[in-house]
Amino acid sequence: AALAPKPVIILAKEKDYFDIRGSIEAFERLKRLYGLLGAEQNIAMSAGPTYHGYTQENREAMYRWFNRHTGISDATSEPKLTLEKDEDLWATPRGQVAGLNSRTMFSFTVEKSRALARRRPALQGEALARAVTELLRLPARPAAPDARILRRIAPRGYPQREFVTYAVETEPGIQAIVYRLCDAQHFSRPPVGQKRAVLYVSHQSADAELREEPLVRSLFEAEQGAAFFACDLRGIGESRPNTCGTSPSAPYGADFFYAAHALMLDRPYLGQRTHDLLAVLDWLKLYGHDEVHLAGKGWGAIPAAFAALLAPQVAQVTLKNALVSYTAAAETEYHGWPLTMMLPGVLEHFDLPDCYRALQSKKLRQIEPWDGSDGGLPPRLRG
């Protein structure tokens, strides 16, 4: 669309693992745009019959398209090609730059991290809150969000037998899944009347962690007089998309693609999750929970730290397996933290310890913090 009305051809594959319907839809939309510009002849699509790759039928479609619009040649097919030997194409004697005493990319990253640390301001108070809000690209939040009550399922082995599941709409079409534990069957909106609540933010699945996570059990036992909630932010647990594979640690899986897409739109995925959590806190306030003990584990600990910094109703914070600092991730060659946990430009302005210091006033408790080599990703995916 940005090139319109210049000539563009979309080259697709019928047997690609990227569904060709996406290419067709894009072509139809572009054809309408080019038509409005009086240049419908400048947009085309060609679909090869084979699998993923830039094979001969696609290359020849490209030749025909370029030759038609440039007039350079009338060739429509590819001549016989002679492939060069690998060693004739090497740019170094053995085809590797490592033998030239070169520096690794990681060494430049460490150098940049340390330079940023030397000149980074020690933000605190309102200045820190503003920097967090800006880097997360947090949008303004309207009044407390609406929530659907999901169909009740059988007891799952949670700390309390009964529970209700809510889908809290944090943005149009986006839901955070929230579980509310109950001492008796409950089918309606959350009860009103309890001032204090515990909100646990899951690492990978609130459902699994309500059954298996020791922190959940200890919080529940320590906060007997409080309402107890647990939530999955977008892309976690029950809200994990099934596009591009459902495993959060799959290479080029949904977690990676959604995070990459968010960066393209200048809305970091970590910021979107923090927004979800702030919206859930707004929703809790609607039912009288003016004092919240916010707890998070692993991938849920970082948005929990940011939300606790920004939400006045958070009175107490517990973080388990939280990243010790973005500096630690930057200076660990093969770190274990996914793209969803990264925040562009963060080390120019602040680091996580700045947030942790600010949260001391909210009774911050840190349990088994993770350094750069931890983070939940298996070794084969780190880097």
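The model is predicted, so local features are reported only at pLDDT of at least 70 and side-chain atom pairs only at pLDDT 80 or more, while totals for chains, interfaces and linings use all residues. Residues are numbered from 1 along each chain as its sequence is written, and side-chain values use heavy atoms, without hydrogens and water.

The protein contains 12 helices and 10 strands. Helices (H or I, at least four residues) and strands (E, at least two) are DSSP runs numbered from the N terminus. Along the principal axes, the C-alpha atoms fill a box of roughly 80 × 55 × 40 Å. The accessible surface is about 20600 Å². Carbon and sulfur atoms contribute 53% of this surface. Areas were computed by the Shrake-Rupley method with a 1.4 Å probe; for residues, only the protein chains shown count as cover.

Of the 383 residues, 45% are buried. Buried denotes under 20% relative accessible area, exposed over 50%, and partly exposed the range in between (1.4 Å probe, protein chains only). Contacts are defined by heavy atoms within 4.5 Å. Among contacts with a separation of 6 or more, 71% join residues 24 or more positions apart.

Helix H10 spans residues 301–310. Nine of its 10 residues are buried, so the helix is largely enclosed by the rest of the structure. The buried positions are Ala-301, Ile-302, Pro-303, Ala-304, Ala-305, Phe-306, Ala-307, Ala-308 and Leu-309. Leu-310 is touched by Thr-133, which also touches Leu-138, when residues up to four places away in sequence are not counted. Thr-133 belongs to helix H5 (residues 125–135). Its relative accessible area is 31%, so Thr-133 is partly exposed. Thr-133 and Glu-223 are 90 residues apart along the chain, and their C-alpha atoms are separated by 30 Å.

Pro-369 lies in the segment after strand E10 (365–367). Pro-369 is partly exposed, at 42% relative accessible area. Leaving aside residues up to four places away in sequence, Pro-369 touches Asn-321, Ala-322 and Val-324. Ala-115 is 254 residues from Pro-369 in sequence, with a C-alpha to C-alpha distance of 25 Å.

The protein carries 46 positive and 44 negative side chains. The centres of the two sets lie 3 Å apart. Lys and Arg were counted as positive and Asp and Glu as negative; His and the chain ends were not counted. Each charge was placed at NZ of Lys, CZ of Arg, CG of Asp or CD of Glu.

Side chains of opposite charge can pair when their charged atoms come close. The structure holds 23 salt bridges. A salt bridge requires a side-chain nitrogen of Lys or Arg within 4 Å of a carboxyl oxygen of Asp or Glu. Arg-234 is buried, at 6% relative accessible area.

Arg-196 and Glu-223 form another salt bridge, at 2.8 Å from N to O. Arg-196 lies in strand E6 (residues 196–201) and Glu-223 in the loop between helix H7 (214–222) and E7, so the bridge ties together parts 27 residues apart in sequence. Glu-223 is buried, with 12% relative accessible area.

Arg-103 and Glu-111 also pair, with their closest N and O atoms 3.3 Å apart. Arg-103 is partly exposed at 44% relative accessible area, and Glu-111 is partly exposed at 46%. Salt bridges also link Arg-156, Asp-207, Arg-211 and Glu-212 in a network.

Two surface patches are described here. Patches comprise residues with over 30% relative accessible area and no salt bridge; like charges are joined within 9 Å, and nonpolar side chains (Val, Leu, Ile, Met, Phe, Trp, Tyr) within 5 Å. Glu-84, Asp-86, Glu-87 and Asp-88 gather in a negatively charged patch. Glu-87 lies in helix H3 (residues 86–89) and is partly exposed, at 47% relative accessibility. Tyr-252 occupies the loop between E7 and H8. Tyr-252 is exposed, with a relative accessible area of 60%.
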